[in-house]
2 protein chains.
Amino acid sequence: MNLLIHGGTIVTMRGNEIIRDGAIAIQDETIIDVGKAGQMLGKYASGYEKINAKGKVVIPGLINTHQHAAMSLLRGYADDLPLQEWLEKWIWPIEGLMTAKDIYVGSLLTAVESIMGGTTTVNTMYHYKPMENEAKAFAEAGIRGVVGHVCFSWRRDEDRRALEDLAKNWHNKAGGLIRVSVDPHAPYTVDPGYMKELYALRDEFNKKYGSERAPIIWHIHVAETFNEAEKIKKAFNVDVKGGIMEYLDSLSVLNEHVIAAHCVALTDKDMAIMKARGVKVSHNPISNLKLASGISPIPNMLERDITVSLGTDSPCSNNTADMFEVMKVAALLHKGVSGNPTVMSAQQVLKMATLDGARALCWENDIGSIEVGKKADLAIINFEKPHLCPLHNEFSHLVYAAKSADVETVIINGKIVMENRRLTTLNVEKVMKMVEKAKNRLLEKLQAQC
Amino acid sequence: MNLLIHGGTIVTMRGNEIIRDGAIAIQDETIIDVGKAGQMLGKYASGYEKINAKGKVVIPGLINTHQHAAMSLLRGYADDLPLQEWLEKWIWPIEGLMTAKDIYVGSLLTAVESIMGGTTTVNTMYHYKPMENEAKAFAEAGIRGVVGHVCFSWRRDEDRRALEDLAKNWHNKAGGLIRVSVDPHAPYTVDPGYMKELYALRDEFNKKYGSERAPIIWHIHVAETFNEAEKIKKAFNVDVKGGIMEYLDSLSVLNEHVIAAHCVALTDKDMAIMKARGVKVSHNPISNLKLASGISPIPNMLERDITVSLGTDSPCSNNTADMFEVMKVAALLHKGVSGNPTVMSAQQVLKMATLDGARALCWENDIGSIEVGKKADLAIINFEKPHLCPLHNEFSHLVYAAKSADVETVIINGKIVMENRRLTTLNVEKVMKMVEKAKNRLLEKLQAQC
C-alpha cells in the first residue's frame with residue numbers, strides 16, 4: 001500500500017527541522033519523499049491513500065529500548081516495597097508460574113499499549129519459549145521489536161537452545177519487523193566465563209543469521225543499583241574495583257553492538273570505557289526512581305557523546321509502557337538533580353526517544369527519523385487539544401505537554417496499525433480479556449501453592 | 001438535579017475503603033448516600049438520573065493546590081532556560097502585556113484542562129482585575145476554586161483595592177464554588193511591614209466576608225529556591241538565619257489558614273514551626289524539577305504529620321495542569337531521591353491529591369472524600385483501557401498507570417460538568433480559538449515593543 005500523509009507539521013528529527021504544511025510519501029514500507037504538501041499533493045495525486053494531518057504533528061515513532069514485555073501481567077501487582085522483598089516475595093514466585101501462553105498474552109498487551117502511545121519499536125528481554133513468545137506477539141501486533149532471550153549461569157543448556165531457536169526463527173523475520181538479541185541478564189547473575197561464552201555466541205549467530213545492516217545485538221542490565229560490585233563478589237568471588245563497565249571490558253565483551261540498560265552506578269572510568277567501545281545506554285528514569293535504584297549520570301554521558309536512549313522498563317516497575325511519560329520525567333529529573341534547568345532540552349530528549357533509540361539498537365539506517373529511504377515508522381499526534389494549546393513550540397509540547405492518548409494514528413513499516421485510536425491488527429478488547437484471564441490463572445496457581 | 005452513580009468501584013478516601021459494585025446518591029450538590037449498588041438502586045429508583053459506572057472507578061475530584069491559571073497562555077513559550085533569564089527576559093515582559101481579557105481567557109483554558117483531567121478544585125494566584133478575571137472564568141466553567149490576588153510591596157494601593165473587590169464579589173459565591181484568598185507573593189517581594197499588613201487584612205476580610213466553615217485563606221510562595229534568604233536580605237536588609245518559615249513566624253503571620261507553595265529550602269526548625277502553627281504545604285514536584293529549584297523534603301514533612309497537598313504550578317513551568325502526572329512524579333521522585341522505595345505509597349499520594357488538598361485549602365468539611373454530607377465533586381475514570389489492565393490494585397493504578405485522558409465524567413457541586421469527555425459548561429473549541437488569538441495578540445504587542 002502507498003500512503004501520502006499531508007497537511008500536518010512534520011518533526012523529522014533531522015536536526016531541528018520542522019516542516020509546516022508538510023507531506024510524507026510512503027511506498028510499501030519505505031519513505032520515498034518528504035517535503036511541502038503543496039507540491040507533493042500533485043506529485044502523488046493517484047495511487048496513494050491520503051491521510052489528512054491538518055492540526056496534527058507527525059513524528060518518527062518512539063523507540064523504547066528497554067522492556068520486559070510479558071511482565072505487563074504484573075502491572076500493579078506489587079508496589080512501594082523494598083527491592084529484595086519485591087523481587088523475592090512477590091515478583092519471582094509469580095513469574096515462576098508463567099507459561100509460554102502467559103508470556104505471549106502479556107506481550108500482546110504491551111504491544112497494544114505501546115502502539116497506542118506512539119511507540120513503534122520495543123527492545124524486550126524475557127524468557128524465550130519456542131511456540132508462544134514475545135516475537136510472535138509483536139509480529140501479530142505489527143510492532144517492530146528486538147526480542148531477546150535472557151540468560152543466567154544456572155541454565156546454560158536451556159539458554160543455548162532458546163537462543164538458537166530464537167535467532168534462527170525470528171532474526172530479521174516478519175517482513176523485517178523483528179530482530180533478535182542475546183541477553184546476558186546482568187554481571188551478577190552471569191559468571192565471567194559464561195559472559196564470554198555469550199559474547200562468542202552472539203558472534204556465531206551473527207555470522208549465521210545476522211548482517212552488517214541487521215546485526216544481532218547484546219542487551220544487558222548494567223549497574224542498575226549501587227551494590228552491584230558487592231553482588232558480583234558474592235556470586236563469583238570476583239573483585240570489581242574500577243566499576244562494572246571496567247569489569248565487563250576486562251572480559252572483552254563490550255563493543256558497539258552492546259546496549260546496557262540502567263547504567264545508574266557508573267564511575268568516570270566506566271564512562272570513558274563506554275565511549276571508547278561505543279556501548280549504548282538505555283536510560284529508564286521512571287523504573288530507577290520507583291525501585292529507588294538511584295539516578296543515572298545522564299548529562300555526564302551526553303557530554304561525553306555516549307549514545308543514550310530511553311526505555312520504560314517493564315510495566316511492573318513503571319507501571320506503563322508510556323514513552324511520553326518517560327520523556328517528560330527524563331527531561332525534568334536531570335534538571336532538578338543537577339540544579340541546571342538547561343540540561344536535557346526538549347529537542348534533545350525527543351532525539352533520545354527516536355534517533356538515538358534507533359542508534360542504540362543498531363537500527364539507525366532504517367528507523368529513528370523521517371528521511372527518504374528509511375522505513376515508515378510514524379506517529380501522528382492530534383495537537384488540537386486544550387493541554388496542547390496555545391502552540392508556541394512543537395518540541396516543547398511533544399516532551400512537556402503531549403500525552404500518549406494524543407497519538408491518533410500509527411504507521412509501522414508502512415502499514416497503518418492504528419487509525420483514529422483503533423488498532424487494525426488486533427482486537428484490543430479480546431487482548432484485555434485474555435490478560436485478565438491469564439492474571440486470574442496465575443493468582444489461582446499461586447494460591448494453590450501456598 | 002439528583003444523581004445516582006452505580007455499578008462502579010468507589011475509592012472513597014475514607015482510609016483505604018474501596019466499595020466494589022458501589023453507588024453514590026447525590027441530591028442537588030450534596031452526597032446523601034454511599035453504599036452498595038444492589039441496595040441503593042432500589043432505594044433511589046425514581047427521581048434520580050442514573051450514571052452507570054460499570055468498569056469504572058469513582059474517586060473524589062482531584063484538588064490542585066497551586067496554580068496561576070491565566071499563565072496557560074505561556075505554555076511552551078520558554079523552556080530549558082536559567083531561572084533568572086527565563087523570568088526576566090521571557091516571562092515578565094510578556095506577562096506585563098496581559099490584559100484582563102487575557103487573564104480570563106487563559107483561566108478558561110486551565111479550567112477546561114483541569115476538568116478534563118479529573119481536577120475539580122484549583123487554588124490559583126494571579127493578578128485580579130475587577131471585570132474579567134480567574135474567578136469569572138472558573139464560575140463559568142463550573143469548577144471549584146480558591147482565587148487569590150497576588151500582592152507585592154510596590155503596589156500596595158492597587159493590591160488593597162483588588163483584594164477588597166475580590167473578597168466582596170467572589171468569596172463564597174457562584175453557589176459556593178468560588179472562595180478567595182489573600183496572596184502575598186513571597187517573602188522576598190513583600191516587605192516585613194506589608195506582610196503583617198496583609199495578615200491583618202485577611203483577618204479583616206474574613207470577619208466581613210468569611211466564616212469559620214468558609215474562611216478566606218492566605219496563599220504564599222515560600223522557600224521555592226535555596227537563595228531566598230539572600231534575596232530577602234538584598235530586598236529588605238533583613239537577616240534570615242534559622243529559615244524562611246522562622247522568619248515568617250517572627251512576623252506572626254503563620255497559622256492554620258496559611259498554604260505555602262513549594263517549601264523546597266526548609267530547615268528542621270522551619271518544619272517544626274510549620275507543624276506547631278498548622279501551616280499547610282502545596283508540593284509542586286514537576287515545576288520544582290523543571291526550574292531546577294531543588295527537591296522539597298516531603299517525606300520528612302509527612303513524618304512530622306504536616307499536611308502536604310499537591311499542585312501543578314502554572315502551565316508555564318510544568319507544562320500542563322495534569323494532576324495525574326503530578327501524583328506519579330511525586331510518588332517516584334521521593335523514592336528515588338531518598339533511596340527508599342516504600343515512601344510515598346500510592347494510597348498516600350492519592351490522599352495528598354484529594355483529602356489533604358481539601359485540608360490545605362481549609363475546605364475539608366465539604367470536599368476531598370466521598371462521604372455523606374460532602375459536596376459531590378467526583379471523577380469517574382474508565383478502567384477498561386490496555387494500560388490499566390490487568391487490575392491488581394486500584395490505588396496503584398490510579399497513581400502509577402491512570403492518565404488524565406482516562407477521566408470520562410466529572411461532577412462538581414452535584415453538576416455534571418463533563419460527560420464522556422465532552423464539557424457541558426463550555427465550548428472547548430471556542431476556548432481554544434480564543435486562546436490562540438490571545439497568544440497572537442500578545443506576541444504582536446511584544447514585537448511592536450522591540
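Student: Start with strand E11 (residues 258-262) of chain B. How many bridges pair it with E12(B), and in which sense?
Tutor: This is a predicted model. E11(B) and E12(B) pair in the parallel sense. The number of bridges between E11(B) and E12(B) is three.

Student: E12(B) also pairs with E13(B). Which residue of E13(B) stands opposite His283(B)?
Tutor: Strand E12 of chain B covers residues 280-283. Its pairing with E13(B) is parallel, over three bridges. Opposite His283(B) stands Leu310(B).

Student: Are the residues of E12(B) buried or exposed?
Tutor: Lys280(B) and Ser282(B) point one way from the strand. Val281(B) and His283(B) point the other way. On either side, all four are buried.

Student: Which strands are the edge strands of the chain B sheet?
Tutor: The sheet is open and has eight strands, in the order E6-E7-E8-E9-E10-E11-E12-E13. Neighbouring strands are turned by 25 degrees against each other on average, direction ignored. An edge strand here pairs on one side only. That gives E6 (62-67) and E13 (308-310) of chain B.

Student: At what angle does helix H3 of chain B run to E7(B)?
Tutor: H3(B) spans residues 100-116 and lies across E6 and E7 of chain B. Helix H5(B), residues 156-170, packs on the sheet too, touching E8 and E9 of chain B. H5(B) makes about 165 degrees with E8(B). For H3(B) and E7(B), the angle is about 150 degrees.

Student: Now chain A. Which residue is the bridge partner of Val281(A) in E13(A)?
Tutor: Chain A has an open, parallel sheet of eight strands. In it, three bridges join E12(A), residues 280-283, to E13(A). The partner of Val281(A) is Val308(A).

Student: Which strands does helix H6 of chain A lie across?
Tutor: H6(A) covers residues 192-209 and runs at about 160 degrees to E9(A). Helix H4(A), residues 134-141, lies across E7, E8 and E9 of chain A. The strands under H6(A) are E8, E9 and E10 of chain A.

Student: Why do the buried residues of H7(A) lie on the same side?
Tutor: The buried residues in H7(A) are Glu228(A), Ala229(A) and Ile232(A). An α-helix has 3.6 residues a turn, so residues three or four places apart point the same way. On the other side of H7(A), Glu230(A) and Lys234(A) are exposed.

Student: How many residues of the side of chain B that touches chain A are nonpolar?
Tutor: 51 residues of chain B are in contact with 51 residues of chain A. Elements giving two or more residues to this side of chain B include H3, H12 (323-338) and H16 (428-449). Of the residues on this side, 14 are polar and ten charged. The nonpolar count is 27.

Student: Which residue of chain B comes closest to the rotation axis?
Tutor: A rotation of 180 degrees with 0.0 Å of shift superposes chain B on chain A. The copies are thus related as by a two-fold rotation axis. They meet through the same surface, because 100% of the interface residues of chain B are also interface residues in chain A. At 3.3 Å (C-alpha), the closest to the axis is Ala405(B).

Technical notes: Residues numbered from 1 in each chain as written. Chains lettered and ligands numbered in written order. Predicted model: local features only at pLDDT ≥ 70, side-chain atom pairs only at ≥ 80, totals over all residues. Pairing = 2+ DSSP bridges. Axes fitted to C-alpha atoms, helices over the stretch in contact; angles between N-to-C directions. Contact = placed C-beta atoms within 7 Å. Nonpolar A, V, L, I, M, F, W, Y, C, P; charged D, E, K, R; others polar. Least-squares fit on C-alpha atoms with pLDDT ≥ 70 in both. Buried ≥ 20, exposed ≤ 12 C-beta atoms within 10 Å, placed from the backbone.
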